[in-house]
Amino acid sequence: MRKHRIAAIGGDGIGPEVVQAGLRVLEAVAKADAGFAFETTSFDWGSDYYRRTGRMMPEDGLAQLAPFDAIFFGAVGDKEIPDHITLWDLRLAICQGFDQYANVRPTTLLPGIVGPLKDELGAAIDWVIVRENSEGEYAGVGGRAHRGLPLEVGMDVAVFTRGGVERIARFACDLAMTRPRRKLTVVTKSNAQRHGLVLWDEVVAGVVADYPELTVDKMLVDAMAARMVVKPGSVDTVLATNLHADILSDLASACAGSLGIGATANLDPSRKNPSMFEPIHGSAFDIVGKGIANPLGSFWTGAMMLEHLGEAPAAKRLMAAIASVTAKGTVLTPDLGGSATTDQVTEAVIAALRGAN
Ligand code: ATP
Ligand code: MG
């Protein structure tokens with residue numbers, strides 16, 4: 001029996017609710033498969049932990065997580081604690097500490113879900129956005145000077161390194177090669193940002209040359225945003241910088257119907273460190289404790305994690321179970337126009353998993 005050690009971090013807001021639902025579904029997948037089992041440890045890190053201890057996670061948090069095969073994450077964000085603490089000291093600390101330089105967000109419109117794009121446009125959405133997750137515009141380099149004076153400056157320096165660009169480009173090409181259309185769009189803004197993004201273009205072009213079977217095109221980020229809405233079927237795998245992909249991937253999830261559905265993987269492709277899997281939504285305080293958080297994003301997160309753990313057939317079965325529930329359209333949470341609770345959606349997906357086996 002294959003065993004996968006999972007670190008579960010619910011975090012803030014609805015994070016713990018959807019992670020708990022996700023773990024139930026993952027247990028059901030493992031039970032139905034019988035070829036593997038999970039050994040799950042939960043960590044109560046996040047904003048409440050910060051209120052108790054003055055830290056988002058313990059000082060040796062990364063060392064505690066290192067032995068796990070994967071991290072199953074909820075959300076962070078708090079009304080009282082600033083984002084630079086909640087985000088940087090937990091989620092980003094994990095991403096950076098474990099060199100999870102590839103952020104991957106698949107987007108498709110699940111059956112039965114009505115997105116903002118019209119029928120045939122919406123149905124054409126089948127995208128994977130690859131986001132450079134370790135440097136670029138979010139490198140954290142910069143500073144403030146002359147505070148309060150008219151000449152005060154605030155600077156964020158976008159950092160692009162040859163090695164950093166090369167590894168994410170290679171990752172995106174490898175991923176695009178696994179998809180039927182073998183198509184990659186490289187997003188840039190090198191017409192306006194004439195140093196870092198020119199290096200980005202050059203290095204990506206060099207890597208792409210190693211993949212003659214890929215169809216590659218290059219788009220400015222502004223034109224790309226318009227293309228995703230107007231011609232979604234022309235887009236397949238997308239490679240973009242930290243900032244550009246951040247924006248395009250929110251556009252993507254909006255096109256797919258609800259913030260409550262999508263999932264993201266933060267990968268260390270070298271597999272030296274555990275990778276982290278999370279739903280795309282945040283802590284959503286308006287619905288905390290009401291039992292109506294949509295758990296589908298957490299389930300999709302589970303499917304991505306299964307795939308990463310080498311359990312592709314189980315991941316496929318889980319996605320099929322999710323799709324069968326959305327296709328029926330009778331058991332959906334209020335964000336999708338239904339009246340079901342988190343628990344009822346969880347039960348429905350578990351029932352679909354049983355039916356499929
Ligand atoms: P954060 O600051 O952590 O990003 P947020 O308060 O901005 O949190 P988000 O999670 O980003 O909230 O989502 C914005 C809104 O979308 C929420 O207020 C909520 O109404 C809705 N939403 C997000 N996720 C879900 C979900 N899983 N189920 C139902 N509604 C959701
Ligand atoms: Mg938000």
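The paragraphs below lead through a predicted model, from an annotated span to one strand and then to a ligand. Residues are numbered from 1 along each chain as its sequence is written, while chains are lettered from A and ligands numbered from 1 in the order in which they are written. Because the model is predicted, local features need pLDDT of at least 70 and side-chain atom pairs count only at pLDDT 80 or more, whereas totals for chains, interfaces and linings use all residues.

An unreviewed UniProt entry lists residues 5-349 as "domain: Isopropylmalate dehydrogenase-like", an annotation that may be inferred rather than shown by experiment. That span is 41% helix and 23% strand, and its end C-alpha atoms lie 23 Å apart; helices (H or I, at least four residues) and strands (E, at least two) are DSSP runs, numbered from the N terminus.

Within the span, strand E11 covers residues 263-267, and because five of its five residues are buried, E11 is largely enclosed by the rest of the structure. Here buried means that 20 or more other C-beta atoms, placed from the backbone, lie within 10 Å of the residue's own. Ala263, Ala265 and Leu267 are buried on one side of E11, as are Thr264 and Asn266 on the other.

E11 runs antiparallel to strand E4 (residues 102-108), to which three bridges join it, with Asn103 standing opposite Asn266. Four bridges join E11 to strand E12 (residues 275-279), again antiparallel, and there Ala263 has Pro279 as its bridge partner.

Around ligand 1 there are 18 residues, of which Gly77, Gly260, His281, Gly282 and Asn294 come nearest; a residue is near if its C-beta atom, placed from the backbone, lies within 6 Å.

Conventions:
Buried ≥ 20, exposed ≤ 12 C-beta atoms within 10 Å, placed from the backbone. Pairing = 2+ DSSP bridges.
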